[in-house]
Amino acid sequence: MTPEELRSVSITKSVDARGTACPGPLLEAKKAIGTIKVGEIMEVLSADEGTKVDIPKWCAKQGHEYLGTIEESGFFRIFLKKK
Amino acid sequence: MEQKKMCLGLFSGSVDKLTAAGIILSGAAALDMKVDIYVLLQGARAFRKDIGDDAGKLQMAENPALKDEFLESLKNLKVKTWVEFFKEAKEITDVKIHICGLAGKIWGAEKLDDFIGLTDDICGIGAYISSLEEADINLFI
């Protein structure tokens, strides 16, 4: 999805992992995905550069749909849909 | 999806390598892998109940002179301790921690109760080799 589309999607869960370094954001995402339903969208906020590579790979392995990343000032918003 | 299995031979009892093991373990947990950890020689000393997270009692494997800088940086970056990583991974996925019986004896720890509470059992080399053979991923740290 384009950054414009991502900004307008309806998010069920926002996980703020900006206070942690790797592997914190990945584990926060892992814990949070269990709290939303299939088809719902979650965003992960991370200030860790590695997370924007980790989350798409994790989604591919776990079968979730990675939707895209928006780069904000000093952090990333990484979007995924639970499958 | 078939659950993948990781087997980790944890020989090292140094704080830097234990931290690396904890981070790798977190990655395996995020992917719902089953993990078997075999704690060998030096590793068993770190798992002693009176040592564990007490970094003052652990060495660095790489460049001992950087220990203070390493620990200070981990703290500033809010990185968990190696024991916290292991504990969190156990809460997320199926992680079993097995202590080598001989290794425990070398460091004066013979009973399960002598080790930190995360430990599941004390075993011999046969169990480790069997697990190595069955695992999809094998690591030795």
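Reader: Where does B:Lys78 lie, and what makes it count as buried or exposed?

Author: B:Lys78 belongs to the loop between H3 and H4 of chain B, where helices (H or I, at least four residues) and strands (E, at least two) are DSSP runs, numbered from the N terminus. A residue is called buried if 20 or more other C-beta atoms lie within 10 Å of its own, exposed if 12 or fewer, and partly exposed in between, with the C-beta atoms placed from the backbone. B:Lys78 has 10 C-beta neighbours inside 10 Å, and it therefore counts as exposed. This is a predicted model, in which local features need pLDDT of at least 70 and side-chain atom pairs count only at pLDDT 80 or more, while totals for chains, interfaces and linings use all residues. Residues are numbered from 1 along each chain as its sequence is written, and chains are lettered from A and ligands numbered from 1 in the order in which they are written.

Reader: What makes B:Ala89 count as buried or exposed, and which residues does it touch?

Author: B:Ala89, which lies in helix H4 of chain B, has 28 C-beta neighbours inside 10 Å and therefore counts as buried. Two residues are in contact if their C-beta atoms, placed from the backbone, lie within 7 Å; leaving aside its neighbours within four places in sequence, B:Ala89 is in contact with B:Leu25, B:Ser26, B:Ala29 and B:Val95. Its C-alpha atom is separated by 25 Å from that of B:Glu62, which is 27 residues away along the chain.

Reader: How do you know whether chain B agrees with a compact globule?

Author: The radius of gyration, taken over C-alpha atoms, is set against a globule rule of 2.2 Å times the number of residues to the power 0.38. For 141 residues a compact globule would have a value near 14 Å, and chain B has 15 Å, which agrees. The C-alpha trace of chain B spans about 40 × 35 × 25 Å along its principal axes, and 38% of its 141 residues are buried. As for confidence, which pLDDT gives for each residue from 0 to 100, the mean for chain B is 96, and 100% of its residues reach 70 or more.

Reader: What supplies the side of chain B that touches chain A, and how does it divide by residue type?

Author: In this interface, 11 residues of chain B are in contact with 11 residues of chain A. Helix H1 (15–30) and helix H4 (82–92) of chain B each supply at least two residues of the side that touches chain A, and the largest share, four residues, comes from H1(B). That side divides into seven nonpolar, two polar and two charged residues, where Ala, Val, Leu, Ile, Met, Phe, Trp, Tyr, Cys and Pro count as nonpolar, Asp, Glu, Lys and Arg as charged, and the others, Gly among them, as polar. The model scores ipTM 0.86 and pTM 0.92.

Reader: Why is H2(A) described as largely enclosed?

Author: Eight of the 10 residues of H2(A) are buried, so the helix is largely enclosed by the rest of the structure. A:Leu26, A:Leu27 and A:Ile33 are among them, and the buried residues of this helix pack against S1, S2 and H3 of chain A together with H1 and H4 of chain B.

Reader: Why do S1 and S3 of chain A count as edge strands?

Author: Two strands pair if DSSP finds at least two bridges between them, and the open sheet of four strands in chain A has the order S1-S2-S4-S3, with mixed pairing. Strand S1 (13–16) and strand S3 (65–72) of chain A each have a single partner strand, so one side of each is left without a neighbour in the sheet. S3(A) is joined by seven bridges to strand S4 (residues 75–81) of chain A, and the two run antiparallel.

How values were computed
pLDDT = per-residue confidence, 0-100.
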